[in-house]
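Subject: Structure for your review

Dear colleague,

I am passing on the structure we spoke about, together with some notes on it. Please read the notes with the coordinates open beside them.

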Amino acid sequence: MNVYDGQRITNMLEKFGMIQTDNVADADLIILNTCAVRAKATDKVYSALGRIRRTKKKSALLGIVGCVARESGADAFKRIPELNFVLGPQSYHKIPDIIKNPDAKLLNIDLGGLEKFDELPQMTKSPTVAYIPIQEGCNHCCTYCIVPYTRGRELSRPYNDVIKDMINAANNGAIEICFLGQNVNGYKYTDSDGKLYKLSDLIRETAKRPEIHRIRFTSSYPTEMSDDLIDMFGTEPKLLPFLNMPIQSGSPRILKKMNRPDDINAYKTIVHKLKSVRPDIQISSDFIVGFPDETDDDFEQTLNIAREIKYINSYSFKYSPRPHTAAAIMPNQISEQIKSVRLYKLDSLLNENQREFNMSCIGREMICLYEGIDKTGNNMVFRTPYMQPCIVQGTDDKISPLQKIKITDANKASLRGEIIK
Ligand code: SAH
């Protein structure tokens, strides 16, 4: 979501004749697009601001946008007096106001609706992977999560607006569409005739576009995986065989305290249904270790589910208490030391799953999407249908973005392959 927001901000500022620079000292306008989901992300913003205020041009405008802006509000100006603007995730389209009136202190952390989508200029070029937000905010209120506070209550964008963005992206070079939302599979929009549109309708319509070859969506809430959506994995080959469906913990007792769906069997049923319509599908998850009151036995159940589902490409985090959340004030907070030990154990298991899956890909042929040149400058990086990076030796400026690649080698982090001519 933040990558997308960053692209929209860049596009909007280009309309004002601005160009991007990598060098803070050259910039006339400096924007930090921020994440508040864990304390570490917020801390990083303030340490970056501390650095930037010393290196920037005196006349340069400095601002933060996104969730830390929303979380800090006017306090941000007190902490960093050099800040010119603080704009929440639903109001970054107001950045031009500060260019027009640079002496003001601009603060807007309203949640309101999704007006920004109407006010931002249309994108005139598209990256090969086009992110399209379809809903924002979340009503689930997981007790650890700051997102309902920072991004607000769930709002789905009008179906026709999403389709317009999708067609625009397809016409401008997109090959993959990634639908975005904090609760993406909860997308529901009823038009003025009373017709209800769901995520499966968006996927079906997108798959009709010949320019689009790959479709995915993130992040999903397990119990919103309705049968119409599961069935799409069986009927729509453009939908990638890979789904991020976070479980967070394997312990029903902890899931209840997290205010998450706590029926592990119901979760496994969804995985089973997905595998029955799409046998090659792989699932990834997000995990939180060290949630308040998590015992060794609860944690053991998390390891068990990770072993059983054999998740790939997963994310795991130490629980981080966040303001405005119920879990932050729960009793029996877990020590950092225990969190670190549990994270290490879980990561070892997830890495082993990942390595095993990557190894199992050796010998397979996959259609992969070109991403760019790697850090060495000597290799091309592609993304497999499972979002694994796949490295191919050599470079080619004119390479067409979709290539059939035979996987020749693998390790935990990536694959190697050869283009099949
Ligand atoms: N559905 C949301 C999730 C975003 S946060 C979205 O797509 O916007 C991504 C992951 O961060 C969550 O799935 C969860 O595993 C983790 N997370 C959220 N709050 C956290 C906290 N307080 N401490 C640690 N991890 C957290």
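The notes below cover the sheet, the aromatic rings and the cysteines.

This is a predicted model, in which local features need pLDDT of at least 70 and side-chain atom pairs count only at pLDDT 80 or more, whereas totals for chains, interfaces and linings use all residues. Residues are numbered from 1 along each chain as its sequence is written, and side-chain values use heavy atoms, with hydrogens and water left out.

Four strands form an open sheet in the order S1-S2-S3-S4, with parallel pairing; strands (E, at least two residues) and helices (H or I, at least four) are DSSP runs numbered from the N terminus, and two strands pair if DSSP finds at least two bridges between them. Strands S1 (29-34) and S4 (106-108) stand at the edges with a single partner strand each, so one side of each is left without a neighbour in the sheet. From one strand to the next the twist averages 15°, where axes are lines fitted to C-alpha atoms, for helices over the stretch in contact, and angles run from 0 to 180 degrees between N-to-C directions. Strand S3 (residues 85-87) pairs with S4 in the parallel sense over three bridges, and Leu87 stands opposite Asn108 in S4. Helix H2 (residues 39-55) packs on the sheet, touching S1 and S2 (contact means heavy atoms within 4.5 Å), and its direction makes about 170° with that of S1.

A search of the whole structure finds seven aromatic pairs, a pair being rings of Phe, Tyr or Trp (its six-membered ring) with centres within 6.5 Å, called stacked if the planes are under 30 degrees apart, edge-to-face if over 60 and tilted otherwise. The rings of Phe291 and Tyr319 have centres 5.4 Å apart and planes at 65°, so this pair is edge-to-face. Both Phe291 and Tyr319 are buried (under 20% relative accessible area, with exposed over 50% and partly exposed in between, for a 1.4 Å probe and protein chains only). Tyr144, Phe291 and Tyr319 form one aromatic cluster.

The structure holds zero disulfides, a disulfide being a pair of cysteine sulfur atoms within 2.5 Å. Cys138 is in no disulfide, and the nearest cysteine sulfur, that of Cys142, is 6.2 Å away; Cys138 counts as buried at 10% relative accessibility. Cys368 is likewise in no disulfide, with the nearest cysteine sulfur, that of Cys390, 5.1 Å away, and Cys368 is buried at a relative accessible area of 0%.

Best regards
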